[in-house]
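Reader: Could you take me through this model step by step, giving the general idea behind each feature before the case at hand?

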Amino acid sequence: QEYTAVKMEVAEWGAAAKDAIEGKVGGRKVFLVAATLRPETMYGQTNCFVGTAIKYGIFAMSDTEAFVCTYRAARNMAFQGISRERGEINQLLEIDGAKLVGTRVKAPFAINPEVYVLPMDNVLPTKGTGVVTSVPSDSPDDCATLTDLVKKPAFYGIEASWAAIAPVPVISTPDYGDLIAPALIKSMKIQSQKDVKQLAEAKEIAYKEGFYNGTMLVGEFKGMKVEEAKPRVRERMIEAGLAMAYAEPEGLVISRST
Ligand code: ZZB
């Protein structure tokens with residue numbers, strides 16, 4: 001899978017992270033790095049998700065920058081020309097996902113320039129970077145999770161205000177309007193992030209509809225078909241130094257067996 005790895009710079013650490021990190025990153029700028037297959041939706045980011053039971057590392061990528069992601073992702077990046085020295089992994093510290101919740105990060109290209117790190121039950125430690133950027137307008141999983149958080153902030157250990165953020169229309173499709181994910185959640189009667197089977201179905205529909213029938217509503221490529229805008233937005237983010245190409249290790253598996 002060829003992902004776009006989006007650099008979400010920490011604007012302000014939450015209280016728990018601040019204590020854990022203080023004095024340990026050597027003055028580097030720190031970024032949570034989210035892997036996405038939908039760079040064209042980045043205008044609609046409303047928050048960032050981590051798994052509270054996942055262990056993350058903070059990895060020095062250069063003298064001036066450090067990335068928050070899983071060890072597995074840092075290792076992949078080290079072999080994809082993202083870290084300064086090939087194969088080198090320099091972990092500055094380990095931190096529990098739970099401690100990252102409440103941190104405020106910058107969301108590149110988003111209409112909401114800064115967003116909160118929030119908890120999601122279904123973040124897989126074995127996929128992408130373990131950090132997910134959330135676009136509730138176009139991702140049913142994100143929409144369902146954010147709704148859970150709004151309903152039960154205390155249960156999820158967050159401040160209600162961190163999740164009190166409306167989906168931003170980014171893409172229009174003829175059949176589902178300007179907010180496909182909320183429309184699917186409603187028509188499929190999805191109750192929460194726990195409805196994983198229906199959410200997988202909704203995701204499939206949202207991917208296909210968005211890609212083949214979607215038109216951009218915002219940004220530099222407003223009015224363009226999603227199919228054409230997608231690689232262009234990605235390129236713009238990479239040019240701006242806000243994103244990188246990031247591939248999953250299928251490639252490594254193949255090269256090992258050959
Ligand atoms: C932003 C975004 C906006 C995404 C959207 C999707 C959609 P897939 O299709 O199953 O391969 N993701 C990335 N890493 C993880 C992880 N470790 N655990 C759980 N989810 C993760 O999934 C790729 C998508 O799953 C990624 O693209 C990311 O969310 C999430 F409008 O990034 B996406 C219809 C989907 N729309």
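Author: With 14 C-beta neighbours inside 10 Å, G157 counts as partly exposed, where 20 or more other C-beta atoms within 10 Å of a residue's own make it buried, 12 or fewer make it exposed, anything in between is partly exposed, and C-beta atoms are placed from the backbone. This is a predicted model, in which local features need pLDDT of at least 70 and side-chain atom pairs count only at pLDDT 80 or more, while totals for chains, interfaces and linings use all residues. Residues are numbered from 1 along each chain as its sequence is written.

Reader: Where is G157 found, and how many residues separate G157 and V101 in sequence?

Author: G157 is found in the loop between α5 (153-156) and α6 (160-163), with helices (H or I, at least four residues) and strands (E, at least two) taken as DSSP runs numbered from the N terminus. G157 and V101 are 56 residues apart in sequence, and their C-alpha atoms are 8.6 Å apart in space.

Reader: How should I read the packing of α4 and α7?

Author: Two packed helices are described by the angle between their axes and the distance between the axes. Here the axes of α4 (residues 140-151) and α7 (residues 180-187) come within 8 Å and cross at roughly 70°, the axes being lines fitted to C-alpha atoms, for helices over the stretch in contact, with angles running from 0 to 180 degrees between N-to-C directions. On the α4 side the contact is made by P140, D142, C143 and A144, and on the α7 side by A181, P182, L184 and I185, two residues being in contact if their C-beta atoms, placed from the backbone, lie within 7 Å. By class, this contact of α4 with α7 has 7 nonpolar, no polar and 1 charged residues, with Ala, Val, Leu, Ile, Met, Phe, Trp, Tyr, Cys and Pro counted as nonpolar, Asp, Glu, Lys and Arg as charged, and the others, Gly among them, as polar.

Reader: Why is α4 described as largely enclosed by the rest of the structure?

Author: The description holds because 9 of the 12 residues of α4 are buried, among them D141, T145, L146, D148 and L149.

Reader: Which residues have a positive phi although they are not glycines, and are they buried or exposed?

Author: F109 has a positive phi of about 70° and lies in the loop between β7 (104-106) and β8 (114-119), where F109 is buried, with 22 other C-beta atoms within 10 Å. K189 has a positive phi of about 55° and is placed in the loop between α7 and α8, but with 8 C-beta neighbours inside 10 Å K189 counts as exposed.
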